[in-house]
Amino acid sequence: MSGPAPDDERFLDDLQRRTFAWFADAAHPDTGLVPDRWPRPDSCSVAAVGFGLTAWGVGQSRGWLTRHDAVRRTLATLRLLHDAPQGEAATGTSGHRGFFHHFLDPATGLRWSDDVELSSVDTALLLGGVLFAERWFDGDDAAEREIRTLADALHRRVEWPWMQARPPLISMGWLPGKGFLDADWCGYNEAMLVVLLALGSPTHPVGDDAWPAWAASYGRTWEEFHGRTHLGFGPLFGHQYSHVWVDFRGVRDDWGRAHGLDYAENSRRAAHAQQAYAVANPGGFRGYDQDVWGLTACDGPGEGTHLVDGREVRTHGYLARGAGPGWVEDDGTIAPTAAGGCLPFAPEIALPALRAMADRYGDALLTEHGFLDAINPTVGWVDDQHLGIDQGPILLMAENLRTGLVWDVVRGHPVLRRGLARAGFRPAR
């Protein structure tokens with residue numbers, strides 16, 4: 001992979017440094033748990049913790065914190081997650097059967113509220129960071145050995161078959177006192193890592209039929225959208241989250257071999273399709289063009305109707321926005337993480353998008369802690385929050401573009417190797 005031009009490198013270095021500072025400043029000082037949002041933190045998002053555990057290694061590699069501090073932060077989090085109570089109770093637990101509740105109390109690690117589900121995908125994103133930490137901290141001292149021991153225990157205790165409420169599919173989650181959610185992971189989206197980790201588990205693996213069942217509905221969204229034929233999922237996070245830790249370049253499963261592409265190429269096409277959608281701008285929103293684009297799950301101006309240029313524009317709060325085959329959800333809100341998470345797949349359009357956002361909106365959007373979550377030029381709204389699950393892809397995918405560090409560290413983990421092999425991934429020929 002050829003690296004960015006020197007001027008782009010300087011931009012990315014500054015953006016990564018700012019975004020890393022968000023993780024360093026927002027994480028709880030004692031537990032290291034990363035909040036769902038900040039500077040008004042309430043709950044911890046376990047998915048954001050997975051990004052944070054990976055961020056410490058990136059920050060150390062860049063010289064933004066010492067290895068001692070990276071070890072300290074990682075150990076605090078892994079000890080809490082390992083020792084926090086697990087069980088069926090609705091209160092006083094952090095998870096059950098190795099899975100974790102979606103949101104936790106940042107100070108205690110316990111379930112945040114009564115409506116928070118035990119989440120299979122957020123647990124998988126957490127485990128992406130756990131696997132990274134296990135491989136990154138390879139020293140012989142007691143602290144780094146403890147990191148590896150705790151990380152190994154965390155992924156070994158996840159009982160993946162239990163989450164198969166309707167096998168061979170894997171349920172999206174479970175609620176204490178209510179049981180499994182009605183929805184299962186099926187079809188292309190952000191949950192590729194769920195199935196790969198379940199297949200790769202050394203202690204509680206799912207059957208070989210899990211990946212074919214996951215991919216069975218791919219045909220429903222294999223379509224052309226704005227000139228790019230690809231496996232669709234409207235919000236760009238579905239093309240990014242699993243890819244933070246898994247390098248899909250040059251490897252294909254049965255579906256990829258039949259269609260002549262890998263999932264990294266599919267993500268590249270999705271990025272270009274969204275850029276083309278922004279140029280076409282069927283909704284007539286302000287600020288959309290070839291350099292400012294990107295729809296994904298993010299904050300928004302809030303529920304309401306605005307009169308703009310003589311027409312009514314309906315906006316929403318936090319929402320999974322997106323544009324892809326068969327599905328569009330768009331209220332004029334653009335999220336920098338949508339382009340940032342595409343950096344390794346489509347740097348030729350993702351880098352100019354991030355630079356254009358920084359140039360056009362300045363410090364109203366790009367702060368000392370990186371990009372604020374979203375902007376809606378049509379109604380003149382800029383968010384005042386950073387979201388952990390949106391900060392993570394910007395920082396980590398920029399690093400994968402520049403050095404491939406996250407991919408290189410996780411690539412050799414036995415869990416991931418086994419999961420990819422059982423799912424049928426082979427080098428492309």
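Predicted model: local features only at pLDDT ≥ 70, side-chain atom pairs only at ≥ 80, totals over all residues.
Figure 1. Thr-305 faces Arg-314 of E16 across the pair. The hairpin has 2 residues between its strands, and Asp-309 in the turn has a positive phi of about 50 degrees.

**Figure 2. Salt bridge between Arg-37 and Asp-299.** The closest N and O atoms of the two side chains are 2.8 Å apart. Arg-37 belongs to strand E1 (residues 37-38), while Asp-299 sits in the loop between strand E14 (297-298) and E15; the partners are 262 residues apart. Arg-37 counts as buried at 19% relative accessibility, and Asp-299 counts as buried at 7%.

**Figure 3. Salt bridges of Arg-411 with Asp-247 and Asp-408.** The closest N and O atoms are 2.7 Å apart in the pair with Asp-247. Asp-247 is buried, with a relative accessible area of 14%, whereas Arg-411 is partly exposed at 39% and Asp-408 is partly exposed at 44%.

**Figure 4. Aromatic pairs Trp-162 with Trp-174 and Phe-285 with Tyr-288.** The structure has 26 aromatic pairs. Trp-162 and Trp-174 are edge-to-face, 5.6 Å centre to centre with 65 degrees between the planes. Trp-162 is in the loop between helix H5 (142-156) and strand E7 (170-171) and Trp-174 is in strand E8 (residues 173-175), so the pair connects parts 12 residues apart in sequence. Trp-174 is buried, at 8% relative accessible area. The ring centres of Phe-285 and Tyr-288 lie 5.6 Å apart with the planes at 45 degrees, so this pair is tilted. Phe-285 is buried at 10%, and Tyr-288 is buried at 9%.

**Figure 5. Surroundings of Tyr-263 in the largest nonpolar core.** This core holds 134 residues; Tyr-263 is among the members that touch the most others, including also Trp-211 and Tyr-218. Helix H4 (residues 120-136) supplies the largest share of the core, 10 residues. Beyond four places in sequence, the contacts of Tyr-263 include Met-192, Leu-231, His-243 and Asp-253. Ring pairs join Tyr-263 into a cluster whose members include Tyr-188, Trp-255 and Phe-425.

Terms used: Residues numbered from 1 in each chain as written. Heavy atoms only, no water. Phe/Tyr/Trp six-rings, centres within 6.5 Å; stacked < 30°, edge-to-face > 60°. Helix = DSSP H or I, 4+ residues; strand = E, 2+ residues; numbered from the N terminus. Buried < 20%, exposed > 50% of the residue type's maximum accessible area, 1.4 Å probe, protein only. Core = buried A, V, L, I, M, F, W, Y, C linked by side-chain atoms within 4.5 Å. Contact = heavy atoms within 4.5 Å. Pairing = 2+ DSSP bridges. Salt bridge = Lys/Arg side-chain N within 4 Å of Asp/Glu carboxyl O.
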